[in-house]
Amino acid sequence: LNIVEGGASGSCGDARMVGYMEAKRTLFVLRWVVLGGQDDLLTVMDGVCGAGQTLRQLAGEGSGDQVKDRAKVLEALLMVGLDLVAHHMDAGHGADVATAA
């Protein structure tokens, strides 16, 4: 979604802006339609897929067993979130916002 890098000028800038807006629409659909805006799903998907965090990092602090237990829950949530996104994409929606909304 970064359109600032390298600057934007002329039609290249316009194409970047169109790509940026399409990416924002797709992200909106994935977050609010496909994942239903569920806090736990969004947290784990944003953390792992967006920010590159590990499940243990997302599980936070605590005793070893507490972190492991929370990481297991987060792993299940990640699997559900990825399955929902994959199903949406496999159903032919891809980045088509109109069919998902």
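Which helices each supply at least two residues of the lining of the largest pocket? α1 and α2 do. The model is predicted: local features need pLDDT of at least 70, side-chain atom pairs count only at pLDDT 80 or more, and totals for chains, interfaces and linings use all residues. Residues are numbered from 1 along each chain as its sequence is written, and side-chain values use heavy atoms, with hydrogens and water left out.

**Fold**

- The chain has five helices and zero strands, in the order α-α-α-α-α along the sequence.
- Helices (H or I, at least four residues) and strands (E, at least two) are DSSP runs, numbered from the N terminus.
- Of the 101 residues in the chain, 24% are buried; buried means under 20% relative accessible area, exposed over 50%, and partly exposed in between (1.4 Å probe, protein chains only).

- Helix α4 covers residues 64-90, and its 27 residues should span 39 Å at 1.5 Å a residue; the expected span is 1.5 Å times one less than the number of residues.
- The end C-alpha atoms of α4 are 38 Å apart, which agrees with that span.
- Buried residues in α4 are Val67, Ala71, Leu74, Leu77, Leu78, Gly81, Val85 and His88.
- In α2, the buried residues are Leu41, Leu42, Val44, Met45 and Gly47.
- Gly92 follows α4 and has a positive phi, near 90°.
- Gly52 follows α2 and also has a positive phi, near 75°.

**Nonpolar core**

- The largest nonpolar core has 16 residues; such a core is a set of buried Ala, Val, Leu, Ile, Met, Phe, Trp, Tyr and Cys residues joined through side-chain atoms within 4.5 Å.
- Leu35, Val44, Met45, Leu55, Leu74 and Val85 have the most contacts inside this core.
- Two or more residues come from each of α1, α2, α3 (55-59) and α4, and α4 gives the most, with six residues.
- In soluble globular proteins, nonpolar side chains tend to be buried together.

**Largest pocket**

- The largest pocket has a volume of about 180 Å³.
- On a 1 Å grid over the protein atoms alone, a pocket is an open set of points where a 1.4 Å probe fits, with protein on both sides within 12 Å along at least five of seven lines; lining residues have an atom within 4 Å of a point.
- Grid points are joined across faces, edges and corners, and the volume is the space filled by probe spheres set on the points.
- Its lining consists of Leu27, Leu30, Arg31, Leu35, Leu42, Met45, Asp46, Cys49, Gly50 and Val85.
- α2 gives the most to this lining, with five residues.
- By class, the lining has seven nonpolar, one polar and two charged residues; Ala, Val, Leu, Ile, Met, Phe, Trp, Tyr, Cys and Pro count as nonpolar, Asp, Glu, Lys and Arg as charged, and the others, Gly among them, as polar.

**Salt bridges**

- There are two salt bridges in the structure, each defined as a side-chain nitrogen of Lys or Arg within 4 Å of a carboxyl oxygen of Asp or Glu.
- Asp46 and Arg31 form a salt bridge with an N to O distance of 2.5 Å.
- This pair links distant parts of the chain, with Asp46 in helix α2 (residues 39-50) and Arg31 in helix α1, 15 residues apart.
- Asp46 counts as partly exposed because its relative accessible area is 35%.
- Glu22 pairs with Arg25 in a salt bridge whose closest N and O atoms are 3.0 Å apart.
- Both Glu22 and Arg25 lie in helix α1 (residues 10-34), three residues apart, about one turn of the helix.
- Glu22 is partly exposed at 28% relative accessibility, and Arg25 is partly exposed at 38%.
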